[in-house]
Amino acid sequence: RLSVVRMVKVVRITRLARWVRLPFFRDLFTMINGVVGGTRTLLWSFVIIMIPVYAVALFCRETIGRETETPFQTNPFGTIYLSVFTLFRCMVPGECADDAGRPIFVLLTDSHGWWWAALFCVTNFCIAFGLGNVVTGMYVESTMAASKTNDLVLRKQRLQDRERLARKLTELFILLYGLHPDSGVPHEAQESLYRLDMYFDALRARQMLISRRLWEFFLTDKRVDTLLDDLDVST
C-alpha cells in the first residue's frame, strides 16, 4: 500500500510540474524571482531606516523617558526598546498614538514646547520623503533587474535545448508549408498539424517563396504566433 501511495504522490507532483511549466504561470514566476531578487535591498533598506529611528528614539529615551511626570498614562519612551518601537510606529506606518489613542507628539508639544513638533516634522520628512523614496526606487530597480535576469536565463535555457528547438522549428516549417497557397494542401487538412505532416514535401517547400503580405497572413494564425513565441522570436 505504501508503494502505491507513493506512486500516486509522484504522479500528482509530475502533473503539477507540467502545469507549472505552462506560459500561464510565467508572470507568476517572474514576480516571485523579482521579490526574491529584491530581498537583499529590502533588508538593507530596513537597516538604513532604523538608523535615524534609533537615533531619535535614543534622544527621546534620555529626555522624556527619564521624566516622572508626563502627559501619558504609560510612558512610550520608558525603555530604549519601547522608545524604538514607538518611533518606528510614528515614522513608518504613521500610527503615532499612546495607550489612550491620543497623538503622542501633539501631547509633547502642548506640555514641553513647540520644538517637539519641529523634531517630529523634520524626522518624519527625512524618513518619509528622503529615505522612503530612495528605498522604494532602489527596491523597484533591483526587483525589475532580478525579473529581467531570470527571464534571460529561462530564454537561454530554452534556446540551448536543442531537442525542443528542433521540434518547434519542425512544427513551424510544417505549419507554414501547409498554410502556403502553393502547397496544395486541402483546407480541411490545415486544421491539424498531424495531417499537415502527411502532406509535407521538403523539395517543394524549398522552392516556395514567402512575400511580406504572405508572412503577415501567416501571423494571423494563432498557431504560428504561439510557435514564434515559444522560439522567443518577436513579431
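Reply: Happy to! A disulfide here is a pair of cysteine sulfur atoms within 2.5 Å. Keep in mind that this is a predicted model.

Me: OK, how many disulfides does that rule give?
Reply: The count is one disulfide. Cys-90 and Cys-96 form it, with their sulfur atoms 2.1 Å apart.

Me: And why is the disulfide of Cys-90 and Cys-96 right-handed?
Reply: Because the torsion about the S-S bond is about 70°.

Me: Are Cys-90 and Cys-96 buried or exposed?
Reply: Both Cys-90 and Cys-96 are buried.

Me: What about Cys-60, how far is its sulfur from the closest cysteine sulfur?
Reply: The gap is 8.7 Å, to the sulfur of Cys-90, so that is too far for a bond. Cys-60 is buried too, as its relative accessibility is 0%. Cys-121, on the other hand, is partly exposed, with a relative accessible area of 48%.

Me: Switching to aromatics: how many aromatic pairs are there?
Reply: Nine aromatic pairs. One of them is Trp-215 with Phe-218: the ring centres are 6.4 Å apart and the planes sit at 85°, so the pair is edge-to-face.

Me: Where do Trp-215 and Phe-218 lie?
Reply: Both are in helix α10, residues 212-219, and they are three residues apart, about one turn of the helix. Trp-215 is partly exposed at 32% relative accessible area, whereas Phe-218 is buried at 0%.

Me: Which residues form an aromatic cluster?
Reply: Phe-59, Phe-105, Trp-115, Trp-116 and Phe-120 form one cluster.

Definitions and conventions: Residues are numbered from 1 along each chain as its sequence is written. This is a predicted model: local features need pLDDT of at least 70, side-chain atom pairs count only at pLDDT 80 or more; totals for chains, interfaces and linings use all residues. Side-chain values use heavy atoms; hydrogens and water are left out. Buried means under 20% relative accessible area, exposed over 50%, partly exposed in between (1.4 Å probe, protein chains only). Rings of Phe, Tyr and Trp (its six-membered ring) pair if their centres lie within 6.5 Å; planes under 30 degrees apart count as stacked, over 60 as edge-to-face and the rest as tilted. Helices (H or I, at least four residues) and strands (E, at least two) are DSSP runs, numbered from the N terminus.
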